[in-house]
Amino acid sequence: MSAADRADSTDTRPVRTAAVIPAAGRGVRLGPGAPKALRALNGTPMLVHAVRAMAASRAVSLVVVVAPSDGATEVRRLLDAHPLAESVAEKTEVVVVPGGQTRQESVRLGLAVLPDDVTVVLVHDAARPLVPVDVVDAVAGAVRAGAPAVVPALPLADTVKQVEPRPGGEPETVVGTPERARLRAVQTPQGFDRATLVEAHERVELAGEGATDDAGMVERIGRDVVVVPGHEEAFKVTRPLDLVLAEAVLARRRANDGF
């Protein structure tokens, strides 16, 4: 039984869960070409993989894709060309809305179109296309069980150094070594009580490139954020080598699971 199922068995409140996928970025670290979310993995755009990952959760009944401001029609066409499995499409609606200039603004625009009966919101990076459904279920279940904000995360394998940044590629001086046992590498989807996330977006000012972590915004308004176990396959595809790793994960899934 998943975490979401366990929460449902003890909570009789009407609960509807939606996932918001901000996909308006260009992904410059992957080089020129299509936006990152539209790059193909095994012939299928990363965004499609991400939508399927959210829709696969029994908890999720709505997926909102926030497209580039001038690309909503193209993204809608793309998703229509890669439809959900019939059994999934029967329970999960997918809508596309134009986004803003920053991730923070795009998430806010995604929140604005959610129906009133949505009380749990998952925010997922399109660049994490391979997150297992068990992680999605665990995040949604923890919010349904009463946590205002939930993040999936993994312990760090590497020692982390805090440095004094210097311009021009000059050697940087180490100023501290955080205790690794207390650090976690955070993934998505991040889950929220809707009212908490909306309040964070209303109170945290949009400045510069905006906030890149919704849980961090919730922290800034003084609300608790809890951690559930993440998964190695929920890594973020940011650089060309990540594409190679993602293809390898898909190949293993095809071989082992018939994915």
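Is G222 buried or exposed? G222 is exposed, at a relative accessible area of 61%, where buried means under 20%, exposed over 50% and partly exposed in between, with a 1.4 Å probe and protein chains only. This is a predicted model, in which local features need pLDDT of at least 70 and side-chain atom pairs count only at pLDDT 80 or more, while totals for chains, interfaces and linings use all residues. Numbering starts from 1 along each chain as its sequence is written, and side-chain values use heavy atoms, with hydrogens and water left out.

**View 1. The whole chain, to get your bearings.** The protein chain has nine helices and twelve strands; helices (H or I, at least four residues) and strands (E, at least two) are DSSP runs numbered from the N terminus. Of its 259 residues, 47% count as buried. Take the contacts (heavy atoms within 4.5 Å) with a separation of 6 or more: residues 24 or more positions apart account for 74% of them.

View 2. Strand β4 covers residues 60-67 and is mostly covered, with eight of its eight residues buried. Strand β1 (residues 17-22) pairs with β4 in the parallel sense over six bridges; two strands pair if DSSP finds at least two bridges between them.

**View 3. Helix α5 crossing helix α7.** Two packed helices are described by the angle between their axes and the distance between the axes. Here helix α5 (residues 103-112) and helix α7 (residues 194-203) have axes that come within 11 Å and cross at roughly 135°. That makes α5 oblique to α7, since angles under 35 degrees count as roughly parallel, over 145 as roughly antiparallel, 65 to 115 as roughly perpendicular and the rest as oblique. The axes are lines fitted to C-alpha atoms, for helices over the stretch in contact, and angles run from 0 to 180 degrees between N-to-C directions. The crossing of α5 and α7 is left-handed, meaning that the near helix is turned anticlockwise from the far one by less than a right angle. On the α5 side you'll see Q104, V107, R108 and L111, which meet R194, L197, V198 and H201 in α7.

**View 4. The cis peptide bond at T188 and P189.** A cis peptide bond joins T188 and P189, with omega at about 10°. P189 is found in the loop between β10 (184-186) and β11 (190-193), and T188 is in that loop between β10 and β11 too. T188 is buried, with a relative accessible area of 3%. Leaving aside neighbours within four places in sequence, T188 has contacts that include V123, H124, D125 and R128. K236 is 48 residues away from T188 along the chain, yet their C-alpha atoms are separated by 9.0 Å.

View 5. N42 isn't a glycine, but it has a positive phi of about 55°. Look for N42 in the loop between β2 (40-41) and β3 (44-45), where N42 is partly exposed, with a relative accessible area of 39%. G222, back from the opening question, lies in the loop between α8 (214-220) and β12 (226-229). From G222 to A200 is 22 residues in sequence and 9.6 Å in space, C-alpha to C-alpha.
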